[in-house]
Amino acid sequence: MLRRKPTRLELKLDDIEEFESVRKELESRRKQRDEAEAAAASGEEAAAIGALGTEHKSREQLINDRIGYKPQPKAGGRTAHFGTFEF
């Protein structure tokens with residue numbers, strides 16, 4: 001493997017200012033989103049608790065679809081444990 005001399009990166013004042021402005025913008029968006037979620041959640045707490053069970057089921061189905069898993073029901077009875085043998 002060939003080695004080369006390390007390159008030097010210089011951080012300029014413009015870069016720092018750009019980073020700070022982007023960071024402040026993202027923080028303000030996050031605060032607005034959190035405030036909106038808090039306002040919506042306070043009025044709909046009872047509905048959210050009731051819908052949690054169905055949301056979990058649909059989330060599980062979404063994950064199964066995404067990974068390609070198709071659960072099949074297990075066959076009941078003794079033959080399921082021993083294949084085709086019957087006693």
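This is a predicted model: local features need pLDDT of at least 70, side-chain atom pairs count only at pLDDT 80 or more; totals for chains, interfaces and linings use all residues.
The protein chain contains three helices and zero strands. Read from the N terminus, the order of elements is α-α-α. Helix H1 covers residues 13-43, and helix H3 covers residues 79-82. Of the 87 residues in the chain, 1% count as buried.

The mean pLDDT is 77, and 67% of the residues reach 70 or more. Helix H1 has the highest confidence, with a mean of 89. Helix H3 has the lowest, with a mean of 55. The side-chain details that follow concern residues of H1.

Side chains of opposite charge can pair when their charged atoms come close. A search of the whole structure finds three salt bridges. Arginine 23 takes part in a salt bridge with glutamate 20, where the closest N and O atoms are 2.6 Å apart. These two residues, arginine 23 and glutamate 20, are three residues apart in helix H1, so about one helical turn separates them. Arginine 23 also forms a salt bridge with glutamate 27, at 3.6 Å from N to O. Here the spacing in helix H1 is four residues, about one turn of the helix.

The accessibility of these partners can be given residue by residue. Arginine 23 has a relative accessible area of 36% and is therefore partly exposed. Glutamate 20 is partly exposed at 28% relative accessibility, and glutamate 27 is partly exposed at 32%.

Another salt bridge joins the side chains of arginine 29 and glutamate 25, with an N to O distance of 2.6 Å. Both residues belong to helix H1 and are four residues apart, about one turn of the helix. Glutamate 25 has a relative accessible area of 41%, so this residue counts as partly exposed. Through shared partners, salt bridges join Glu20, Arg23 and Glu27 into one network.

Which residues form the negative surface patch? The patch is made up of Asp14, Asp15, Glu17 and Glu18. One of these residues, glutamate 18, lies in helix H1. The relative accessibility of glutamate 18 is 51%, and exposed means over 50%, so glutamate 18 counts as exposed.

Methods: Residues are numbered from 1 along each chain as its sequence is written. Side-chain values use heavy atoms; hydrogens and water are left out. Patches are made of residues with over 30% relative accessible area and no salt bridge: like charges are joined within 9 Å, nonpolar side chains (Val, Leu, Ile, Met, Phe, Trp, Tyr) within 5 Å. Accessible areas come from the Shrake-Rupley method with a 1.4 Å probe; for residues, only the protein chains shown count as cover. A salt bridge is a side-chain nitrogen of Lys or Arg within 4 Å of a carboxyl oxygen of Asp or Glu. Lys and Arg count as positive and Asp and Glu as negative; His and the chain ends are not counted. The place of a charge is taken as NZ of Lys, CZ of Arg, CG of Asp or CD of Glu. Buried means under 20% relative accessible area, exposed over 50%, partly exposed in between (1.4 Å probe, protein chains only). pLDDT is the predictor's confidence in each residue, from 0 to 100.
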